[in-house]
Amino acid sequence: MNGRAEIHHRHRDVTGGWLRPSVFGAMDGLVSNFALIAGVAGGTANTRVVALGGVAGLAAGALSMAGGEYVSVASQRELAQAEIAVERRELARHPDDERAELAQTFVDKGVTPGLAAEVARQISAHPERALEVHSRNELGVVPGELPSPMVAAVSSFLSFAVGAALPLLPYLFGVQGLEVSAVLSCVALFAAGALVSAVTARSWWYSGLRQLVVGAVAAAVTFALGNLIGAAGL
């Protein structure tokens, strides 16, 4: 035996920088472009105009999502790095105080004071490990596992583009009318919601139905607005 406990289960990654922007990007692309296309289709029967609106919505939305995710994640990462740097300085300047603080966190979790002090001493003997433990306890982050702004941006761009392309495809292939796009979009909305249930605790039918309702309501509202504006001749 090597003295290490055997791990009998695995957890999914809940801190990575790709899952949230990918899921959110695909959902946002599908819902927003479906709603945009429905709104334009409600105001005009010209399929070229509808297709142009869909293409513009796809391009603008994908670029906006990518830029927003990059700035958001980069700012979050920079803030975390700044706070980690503060913790590193404190460990160097006040090692005894930081060791006592670490020991107290173990005591607060139910470890006896003597054992907590010994564990804190052993961890503090390795500066980088001590920094990792302090950062995890105090900031909720690990220095070497911060999310990547580029990964978030690329994930958002691609996923939004894929989602936004689905309601647009029938128009690009020359299909007349909103019906085919609406059916394809509704099926995709339900499928996307059901797929998300694979990484959550919700049932597939609940997640799928919830996403379908959200997208359908958005499209119905914009279609009605487009229809009113078109009827008014604005």
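Analyst: Trp205 has a relative accessible area of 48%, so this residue counts as partly exposed. The label follows because only values over 50% count as exposed and only values under 20% as buried. The model is a predicted one, and every value below is computed from it. The following residue, Tyr206, is also partly exposed, with a relative accessible area of 31%.

The part to look at is the meeting of two helices. Helix α7 covers residues 179-196 and helix α8 covers residues 204-232. Their axes come within 7 Å of each other and cross at roughly 140 degrees. That angle makes α7 oblique to α8, because an angle must be over 145 degrees to count as roughly antiparallel. The crossing of α7 past α8 is right-handed.

Which residues make the contact between α7 and α8? From α7 come Cys186, Leu189, Phe190, Gly193 and Ala194. From α8 come Trp204, Trp205, Ser207, Gly208, Leu209, Gln211, Leu212, Gly215 and Ala216. Sorted by class, this contact has nine nonpolar residues, five polar residues and no charged residues. Trp205 is thus one of the α8 residues in this contact, and Trp205 is also partly exposed.

Next come the aromatic rings. Across the whole structure, the search finds two aromatic pairs. One of them joins Phe190 and Trp204, with 6.0 Å from centre to centre and 90 degrees between the planes, an edge-to-face arrangement. Phe190 belongs to helix α7 and Trp204 to helix α8, so this pair ties together parts that are 14 residues apart in sequence. How accessible are the two partners? Phe190 has 28% relative accessibility, so Phe190 counts as partly exposed. Trp204 reaches a relative accessible area of 53% and is therefore exposed. The other pair is formed by Trp205 and Tyr206: their ring centres are 6.2 Å apart and their planes stand at 80 degrees, so this pair is edge-to-face too.

The axes of α6 and α7 come within 8 Å and cross at roughly 155 degrees. These two helices are therefore roughly antiparallel to each other, since 155 degrees is over the limit of 145. α6 passes α7 in a right-handed crossing. On the α6 side the contact is made by Leu166, Pro167, Pro170 and Tyr171, and on the α7 side by Val180, Ser181, Leu184, Ser185 and Ala188. By class there are seven nonpolar and two polar residues here, and no charged ones.

Ala165 sits in helix α6, which spans residues 149-172. Ala165 is partly exposed, with a relative accessible area of 22%. The C-alpha atom of Ala165 lies 9.8 Å from that of Ser185, a residue 20 positions away along the chain. Ser185 is among the α7 residues that touch α6.

Val50, in helix α2 (residues 47-93), touches Ile37, Val40, Ala41, Thr44 and Tyr171, leaving aside residues up to four places away in sequence. Val50 is buried, because its relative accessibility is 2%. Val50 and Leu172 are 122 residues apart in sequence, and their C-alpha atoms are 9.9 Å apart in space.

Pro127 is in helix α5, residues 127-139. With a relative accessible area of 58%, Pro127 is exposed. From Pro127 to Ala92 there are 35 residues in sequence and 8.6 Å in space, C-alpha to C-alpha.

Finally, the setting of these pieces. The chain has eight helices and zero strands, so read from the N terminus its elements run α-α-α-α-α-α-α-α. Of its 234 residues, 33% are buried. Among contacts with a separation of 6 or more, 71% are between residues 24 or more positions apart.

Definitions and conventions:
Residues numbered from 1 in each chain as written. Predicted model: local features only at pLDDT ≥ 70, side-chain atom pairs only at ≥ 80, totals over all residues. Heavy atoms only, no water. Axes fitted to C-alpha atoms, helices over the stretch in contact; angles between N-to-C directions. Helix = DSSP H or I, 4+ residues; strand = E, 2+ residues; numbered from the N terminus. Parallel < 35°, antiparallel > 145°, perpendicular 65-115°, else oblique. Left-handed = near helix turned anticlockwise from the far one by under 90°. Contact = heavy atoms within 4.5 Å. Nonpolar A, V, L, I, M, F, W, Y, C, P; charged D, E, K, R; others polar. Phe/Tyr/Trp six-rings, centres within 6.5 Å; stacked < 30°, edge-to-face > 60°. Buried < 20%, exposed > 50% of the residue type's maximum accessible area, 1.4 Å probe, protein only.
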